[in-house]
Amino acid sequence: MAGRSLCAGSAGQKKAELALKRKQLTQTALVKERGIASWTTVSKFFNGGPVDRIIFQEICHVLDLDWEEIAGVSEEWEPEPEPEEATGELLEAVWRCGARSRLALDPYILTTIRREGVLEKCLQQIRLGLGGKQRVVPILGAAGYGKSTILGMIYDELRQQMALEGWIALVRCDDLVQSADRWAEELGAKASDRPLTMIEIAQQLTAQRGRGVLLIDTLDIVLTKPLVPVFRQMVLQLLECGTTVAFTCRDNDYAEFFEPYHESFAGFRESVADGCKVTQFTPEEVRLAAQAFASLQPEYPTEASQIAFAEKILALSADRVSLAEIAANPLLLALLCELFAAAQIVPEDLTVSQLYEIYWDWKIAKSRHHQQSRRIGKAKEKLCLFIAETLYHNSGDKLRDFIYETSLDLATDIDFDAYSALLSDGVLKELGSDRIGFFHQTFLEYTVARWLNATPSGEQIQTQILSHLQTGNTAVIPYYIWPIWRNFLTLVETDKFDYIYNHINLSEILPFRSLAFAAVSRPEPESAEILSPLFAIAKDREYTYNEALLIAANSAPKRHEPAVWAMMVQFLATVGKELVNKAIDIAANLVAQSEEAGKFTAAVKALNDNPLIQADVNSRHHLWGKFLSEYYGIIRSQGRAIDPEILAILQQQYADFGSKARAIVIDLYLTPGIPQAVQRDFLLTIIHINPANNSFTEKTNAITLVSKLLPDLLASGESPCGDSYLSLLAAPLQPEWLGVMAAAVGERAATDPILTENIVSQLFDPKASEISKSFNRSIILALQAAIQSGGADMVAETLLKRQIETIGANHISTLGMIVRTLAGEGLETSPITTALAIKLAVWVQPIVAQYPVELIRVMDALAVKSTSVQTMLGDLLETLLDELEPKTAHQICKKLACIPPQLVPYLQRHSQIKEARIALLKLYQQQASADPEIIPEIIKFCRDVSQDVAKDASWLVLGFARERKPIPLASLLPILSNSPVIGVRQNCLQAIIESECSSRYSCRNRSSIGGD
């Protein structure tokens, strides 16, 4: 099956050029006079690039060429199915318009990076709509996040699926002109080049082809309050006729115009899919995009150079939030890649506003293509500002984003060269139908801001806006002005910025937010000093004011750090639960990036003053944990040393921390280079502080700290808990800390045979039991730690030196626990050798009959790793089980992990007992791996009266089918008919299906091998 695009072959390109001359046409004429496609697409056609199939065929038709011949299509090529003739010209028109609109959705500069997560979410919702459910799919995200790119991918996926049934229309809102009352008509006209409303198009196509999809790109460009009810009514009608609607929109605009959603989407609110959010690039996506960009640049010819370029881009954004914000935005990343590729350097404090300013200076104010660079540069600037002014004055409720080419005054060669350079550099783009516009809406907004700030006509508009802001009359200011105003505030001189701050009414959120964002984007550090006064306004106002300040703080470059930090200290002391997590993240980041210990002190003091910290223990633990986790992650990732002053503060605050935060603090004290005296003082302080909760997350780090310090503490006589390793096991500590001591002693014992001997002696000493239960527990923990630390063989050899008969009954459970640990019960590998496992089994065997419940489990654990011990266990059980109480014997059988074959007669004699059948099933499972003939016996258990036994058996059967073991399928059929257990029937049916599929696959393989 052919793809959506075609390319002209080398011979086809030559024929196309000849046909162009024969018809006395130019490529420009095809674009402007015939309106077939954009300049980029026509250029691709004549240079062998990929062109949409329909447009490719249309160009060939105009040139009287055979499109298959031009594309170099072979006779075996299978063309993409054309829509059936009965669908008529309307479908063809919708296909053609959609293909043209699709060309504008590819990303600017960067190659397309498939974002499978959000793409699949969107497609899943759309497919639900095509399947019969009503669906409206908003695809939301911030400006430049790649929403249009995602929509283009959706169009590609669906277009290929709809060759034979269904339909898809694609409309870009920057193609729309009319007001809200004629919106549906214009939408239909742009979707089909027909004088039909979108409703009429959907109804006709659905009647002919079934349910379809309408994709609308950049709805935010046309969104106004009057449009919302018009949009709602149109969507209602589209849903009624079976059309799924998906659209892209800036998330802020979506909330601004559609809230409350139950009113804006009345009648279909439950059909709106809310989960399709386009987020910023992940670091891996940044890497892929940057590497793909480099692969297209001649300066980076090798894969190694392309990878190095991507790594440098990532490194630039690793430590600075403002640069990270740029790199994570696909559009801004594209500009950053271009800048870095050309200049090989990026300012550390680069912000979005500065990036556009650099881009303006690089692509517009200067010319790289002409010797008269200054004249051409001035002409380009003048042309861009003229376009911005024209678009502003042509705007109504929405910002107009295109201008007709005929509106441009290109009378002189310099003007025409400037225009050509702007098109060539991608600053301007052709939109079709003799229209042009800037490459992205955000750059349009920036250019309008430059016009406001740099021209007399712009100054008049600026004065009008200021007048409204001074009187608080913001309702008359169109919504699209606010991102422009933010850019304007970034561009103005410092005196003007200060004047605006001091003279406008900041009681409304939109001017407040614009001023806050501009303050941290401006070049001079003093501008950010307004943040603290703004906080004084925000703290008593609603959530959105405070959120705006936090967003500004998070994106601020380093030059504004003092002013931002002054505000964040106030935030930490007063912030409520809605924004406390975000405030802590920002503050911790600032503290970690700083070299000043005083900032850490200020943050701790501010947090201690916060009512949330004082409210309850859980809140206190959560917030401290969050602050320290963020701080810890940054300094560890950067390999930074920890300031001793900060360690002292953490020691003072330790009792207020939760378990997670305490684990971090201990790890910080373990940082290489911290003096041992500091670590010792810290340990002797915290060891007497009660654990924060039962989780005791700090245990692992605490063991490391204690293990490091114990030798010197004992050698110096400064240990407050005892004068020897053994005495530490009886230290008067909290149980959690006593467990830490025991683990540290066990780690030492793993390399100290004498200490191991002493611990084992204490284990079975009757006098030790009289000391305390906690002492006995510590001994066990120490031995388990020794085993886990590599001392398993030493512990086993020490046990074997003792006469097993001398161990008292009250120590048998403890003995069993230690030996099972040595055997590696529940682990894939045993800590001891097979030879030692056999020796331990022989050592334990004489008293098994005396303590069957405890020691059969020990033998079972040893038997799992040794066939010799399995035989010993079988011989024991063969005689022992009949001597035990039936209930005890049955429980022993049920818990066995290794079922010796000698038990078969016993288990069959007691098969009326569920526990015996469970054990028998385990035995058959063990045998089936070597002897598939046993599988029919397992299948019989699928009909067991016990649901548990039947389910276990059915899972085994399904597992055998997946392993391609031979299964008598006929024996499963009665189970499908008669088993009362749904799970059993499902597993057996699945086993039949998988066995059949496996059988057919094997037959095909044998057939293909035979054919070869």
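Buried means under 20% relative accessible area, exposed over 50%, and partly exposed in between (1.4 Å probe, protein chains only). The model is predicted: local features need pLDDT of at least 70, side-chain atom pairs count only at pLDDT 80 or more, and totals for chains, interfaces and linings use all residues. Residues are numbered from 1 along each chain as its sequence is written, and side-chain values use heavy atoms, without hydrogens and water.

**Exercise 1.** Classify aspartate 64 as buried or exposed.

*Solution.* Locate it: aspartate 64 sits in the loop between α4 (53–62) and α5 (67–71). Helices here are DSSP runs (H or I, at least four residues), numbered from the N terminus. Check the backbone: phi is positive, about 55 degrees, although aspartate 64 is not a glycine. Apply the cut-off: relative accessibility is 55%, so aspartate 64 is exposed.

**Exercise 2.** Describe how α21 and α22 pack.

*Solution.* Take the geometry: α21 (residues 441–454) and α22 (residues 456–471) pack at about 95 degrees, with axes 5 Å apart. Axes are lines fitted to C-alpha atoms over the stretch in contact, and angles run from 0 to 180 degrees between N-to-C directions. Name the class: the two helices, α21 and α22, are therefore roughly perpendicular (65 to 115 degrees). List the contacts (heavy atoms within 4.5 Å): Trp451, Leu452 and Asn453 in α21 meet Ser457, Gly458, Glu459, Ile461 and Gln462 in α22.

How values were computed. Parallel < 35°, antiparallel > 145°, perpendicular 65-115°, else oblique.
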